[in-house]
Amino acid sequence: MDLLNRISSGSRHSVFLNTDGTVTAFGNNTNGQCEVHDWRNIIGISAANVHVALNTGHTHTIGLKEDGTVIAVGNNQRGQANVTDWYDIRQITTGWSHSLGLRRSGQVVAVGRNTEKQCEVSCWEDIVKVAAGDWHSLGLTNKGTIIGTGNNMKGQIDIREWNDIKDISCGYLHSLGVKIDGTVAATGSNKYQQCEVTEWRNVHSVSAGSYHSVALNKDGTVLAKGSNQFGQCNIENWTNIVEISAGPTYTLGLKEDGTVIGAGSNKYGELNIITPST
């Protein structure tokens, strides 16, 4: 697999995957979640991304290695970093206190907090992508349908009627799905209008923050909806973007040239990932 730059927005830290398989992290390091300087041969990253509260800075980071194994650093209070026995993994994602791994077989493994049953994924099959919110998990099947488990207090896993989906993302209490035709489906909390995305068109991928939603269009431009308290939705002038990542109070964009731009809160240095030239 060819290595590409990747970005991931965490609760109070950001992680960047370099093309040489090394990883860089910026921001809050209370639990060592930024201690990734010795990681090598990494092809995927995920920084635990949760809503802002007194205890949510204590998160973790996981990395997918070329050989299909997984490495983790950071908070392990709920066992969310117990991934060393995972194998044959093709994709990873993290919630507040749980981690998901998608095996090449289409099965899913999970560790960490299971109070809301967000880790009850052992029966899932034919999955092509997984997404983790604070307390819920989603799986995209090879038929374009969605499976969900975990907390549903705001209807964030009311996804049974979704179909023809090609991309998914979980926020704090809402979920997003991109359809094959480029439109977007949303469900869950709409307190800040983060689910009012039905007018979006020509969308390639989505990323859900705590209270905002971001879409990457096929032409490299971006859209945002929801809370803009910290300026995290001030991205309407971004161009040539190839990947987006929405954190709780900020947004990152990876450009075609491998540089990173961002908008929103930098309280913990999470935007120090931005390439100076941009």
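These legends go with a few close-up views of a predicted model.

**View 1. A three-stranded open sheet, S1-S2-S3.** The strands run in that order with antiparallel pairing. S1 (6-9) and S3 (23-27) sit at the edges with a single partner strand each, so one side of each has no neighbour in the sheet. From one strand to the next, the twist averages 15 degrees. Zoom in on S1 and S2 (residues 13-17) and you'll find 4 bridges holding to the antiparallel sense, with Ile 7 opposite Phe 16 of S2.

**View 2. Ser 175 and its surroundings.** Ser 175 belongs to strand S14 (residues 174-179) and is buried, at 0% relative accessible area. Its side chain makes a polar contact with the side chain of His 136, at 2.9 Å. Beyond four places in sequence, the residues in contact with Ser 175 include Leu 138, Gln 156, Trp 162 and Cys 170.

View 3. The N to O distance here is 2.7 Å. Asp 88 comes from the loop between S6 (70-74) and S7 (89-94), and Arg 104 from the loop between S8 (98-103) and S9 (108-112), 16 residues apart. Asp 88 is partly exposed at 29% relative accessibility, and Arg 104 is partly exposed at 46%.

**View 4. Two further salt bridges, Glu 116 with Arg 113 and Asp 167 with Lys 129.** Glu 116 and Arg 113 meet at 2.6 Å, N to O, and both are buried. For Asp 167 and Lys 129 the N to O figure is 2.3 Å. Asp 167 is in strand S13 and Lys 129 in strand S10, so this pair ties together parts 38 residues apart in sequence. Asp 167 is buried at 5% relative accessibility, while Lys 129 is partly exposed at 26%.

Terms used
Residues are numbered from 1 along each chain as its sequence is written. This is a predicted model: local features need pLDDT of at least 70, side-chain atom pairs count only at pLDDT 80 or more; totals for chains, interfaces and linings use all residues. Side-chain values use heavy atoms; hydrogens and water are left out. Two strands pair if DSSP finds at least two bridges between them. Helices (H or I, at least four residues) and strands (E, at least two) are DSSP runs, numbered from the N terminus. Axes are lines fitted to C-alpha atoms, for helices over the stretch in contact, and angles run from 0 to 180 degrees between N-to-C directions. Buried means under 20% relative accessible area, exposed over 50%, partly exposed in between (1.4 Å probe, protein chains only). A polar contact is a pair of N or O atoms within 3.5 Å; within protein, one must be able to donate a hydrogen and the other to accept it, and residues adjacent in sequence count only if both atoms are side-chain atoms. Contact means heavy atoms within 4.5 Å. A salt bridge is a side-chain nitrogen of Lys or Arg within 4 Å of a carboxyl oxygen of Asp or Glu.
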